[in-house]
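Keep your viewer open and select each stop as we reach it.

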Amino acid sequence: MKQRILRPEHIPLMLLAALFCLSFFFVPGFNQSWLFSTVLKNGSYHGIIALGLLPVLISGDVDLSIGAQMTFYSVLCAVFLKNGYPIPAAVLATLAAAVLVGCIEGAVVARWHFNSILMTIAMSMFLIGLSSALNRGVTIFNLPKQLLAWGDRRLLGVSMPMLFWVLAALVIAFILHQTYWGTFFYAVGHNAQAADKAGVPLLQVKMVAFGLSSLFCAVSSVIYISQLGFAPLSNGQDTTYSVLTIAALGGVSFSGGRGKVTLVLLGGLMIGTLTSLFTLAEVSYYYQNCIKGAILFIAIFTNFSKT
Amino acid sequence: MIHELLRAEDLLLDRGGASRIHHMDFSVAAGESVGLIGLSGGGKTSLAQILCGELEADSGRILHGGVPLSRERLAQSGRRISGEDRLLENLSVLENLMVLGHSPRGPAIPRKRLRAACRELLSGFGLEEYLDVPVAQIPVPVQHRLLLAGAAARGKRLVALDHIADTYGPPELERLAACIRRLCAQGVSVLYLSGYLDSVLWQLDRITVVRDGRRIKELPRESFTEFSLRAYMYGYRSAAEEILEAPEACQTAFFLDGIPMPEAGLIPVHDADGSVDKFLSGLREQSGRTVTVLTAGALFDSWVEELSVLDNLLLPVAQRLGGPGCHVGKAMRRLLRTECMEQTGLSFQQVDQPFRQLSHMERFKLLRYRGILNRTDIYVFDHITSGTDLQDREEMRRISGTLPGLLFYVSGDYRELTAFKRKIYALQNGCLRKELP
């Protein structure tokens, strides 16, 4: 079979690559080296979540609660730290809470055949409410100094967010391609009924997929607050939209069964670049979202034209 | 010791038509609940009518403690409740019960005390919420319960429920069963007549199957299954039961001549009567073994078409074969690949191709191989050859003859089955109808 190099789902990425090159030469200040590390750092939070979301998308579901989850885990971790928990304990407790939330989502979706979109919307409303209850509607400032110090650490000249981004990609790639869970995700995404008949444990598959998504969300949140030094208050919609844009740019099929780690990694990189570019070129925040929306549209359009 | 309420000996009734009973013996103990099942015209209602004194038998006698009972005595102690019974529609439930429970020959009871007693009785039958509701406004199952309460109030010793539950839903059946238990606890004997195998039957002490006016079988609670009941009702034993209940018969039937392949052909008498499904559920229910059913549709709808052949085969066994870290190692994949190539005759490249590129025949071979991977005990090929040409059919039959385990080959085509040279059974209504030559 002839392998096509230029596939429709690669078009958005190529467009962005072209944009990147053009900006490099024509936007003043874009070719400075410090900018790259900013770009990478900027894209990493959403990049990590998008990678975690990959198993969910591949198995044919959508998790719209990621934004709310990110807010919730930031607040939860901050509350633990404020209450005097040592950092490792607080982080571990947050990760455990994340796995629990994900498993609940997955179990409900699989057990009662709920639509994952509605289920995760319900979950995000619940989590937003819970986070507001936890922080009483105010931003939690003055997190421990050690956390910030940990966040500022560098390993071989690579900053923490970037390091975790690469690590996340490796972990997800390993799960998808080296373990049988990866095969299960793809099988369920392609044809859940056939997978069920073949003996794939649907309940466990969905629980693992949603659990992974939540876990990566929590990892991203912890890194986020370690960089900022406070737990911001938002309803997380921006996060959800950006992450889904990254996934769409990475050629992930929203009806399940298709998605590659490398492309999602590149998608995250591109969105990070674009955001930095907008800031540099002083594009208004409102127009930024317009342009992002248009990009998402193009990405989905090319995805659909393939199927 | 349970005290015997009634013993009917050698009952005979011949009125022509459906009401016919041939020399039937029947007995019921006090406080016992007995199911009376059988096809329409089998003599259930006639028997109940005789026991409740509504009909007089042509010959035979009914004894209580060795003393024959007259029809009037039976009518006093028995009550048959059927769908035709009517209540006083404009009166409330409580008022109805006061009327129903009033015995004309009994001593007069003050109205107030009667009301209190009726109230208590109604709450026992789950009717407390309907006390003041006119009967016209309550659902039919509740009316039936009211009739039951009435029979209890009258001090009846035997209550026959004549097909009243035919239109009940599961919760209503559950409530009726509770009422039956309550009556039995008070020492009342209950006959439950039904032409269907509904859930109430499973809560009775014993079931009597009648057919053509004869008592066919008495089954105590521990020993009846849906399939045995159905087999006695229809007059032939369930094929699944016959095959599984007698292991020796199974051996002679399926392990002939030292040939390792046990097999049997099954041919449904009518394709659309659901016999195959009934047979299969019987097989599953009774054997407790893994039964894999392979239909023609399974060739297409039980595979993930976009995954490779190897990945598809991995799905059912991954968790079993996978090592630590949820990882299916290279060695395991290689083993599976080699075995798959041996068992199915696919080439090395084909194993890595997406499933959608496989032909009908290759799919069949893989289906068979997956059955082996799943450690199937009993295979059922259900019309697997439909939609294939003659050559493929021949091949499929040959391949299915090499499976380890018990094999049933279901087909509507008699000629196809004769090629097996094994036993062939015709199936009807989930039961073994006839062994074909």
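Here, buried means under 20% relative accessible area, exposed means over 50%, and partly exposed lies in between (1.4 Å probe, protein chains only). This is a predicted model, where local features need pLDDT of at least 70, side-chain atom pairs count only at pLDDT 80 or more, and totals for chains, interfaces and linings use all residues. Residues are numbered from 1 along each chain as its sequence is written, chains are lettered from A and ligands numbered from 1 in the order in which they are written, and side-chain values use heavy atoms, leaving out hydrogens and water.

Side chains of opposite charge can pair when their charged atoms come close. A salt bridge is a side-chain nitrogen of Lys or Arg within 4 Å of a carboxyl oxygen of Asp or Glu. Over all chains, the structure holds 15 salt bridges.

**First stop.** Select B:Arg80 and B:Asp162, whose side chains form a salt bridge (2.4 Å, N to O). This pair links distant parts of the chain, 82 residues apart: B:Arg80 sits in strand S6 (residues 78–82) of chain B and B:Asp162 in strand S7 (residues 158–162) of chain B. Strands are DSSP runs (E, at least two residues), numbered from the N terminus. Is B:Asp162 buried or exposed? B:Asp162 is buried, at 7% relative accessibility, and B:Arg80 is buried too, at 12%.

**Next stop.** Now pick B:Glu4 and B:Arg7, joined by a salt bridge (3.0 Å, N to O). B:Glu4 is partly exposed at 31%, and B:Arg7 is partly exposed at 34%.

**Last stop.** Finally, select B:Glu32, B:Arg206, B:Arg215 and B:Glu218 together: salt bridges link them in a network.

Technical notes:
Helices (H or I, at least four residues) and strands (E, at least two) are DSSP runs, numbered from the N terminus.
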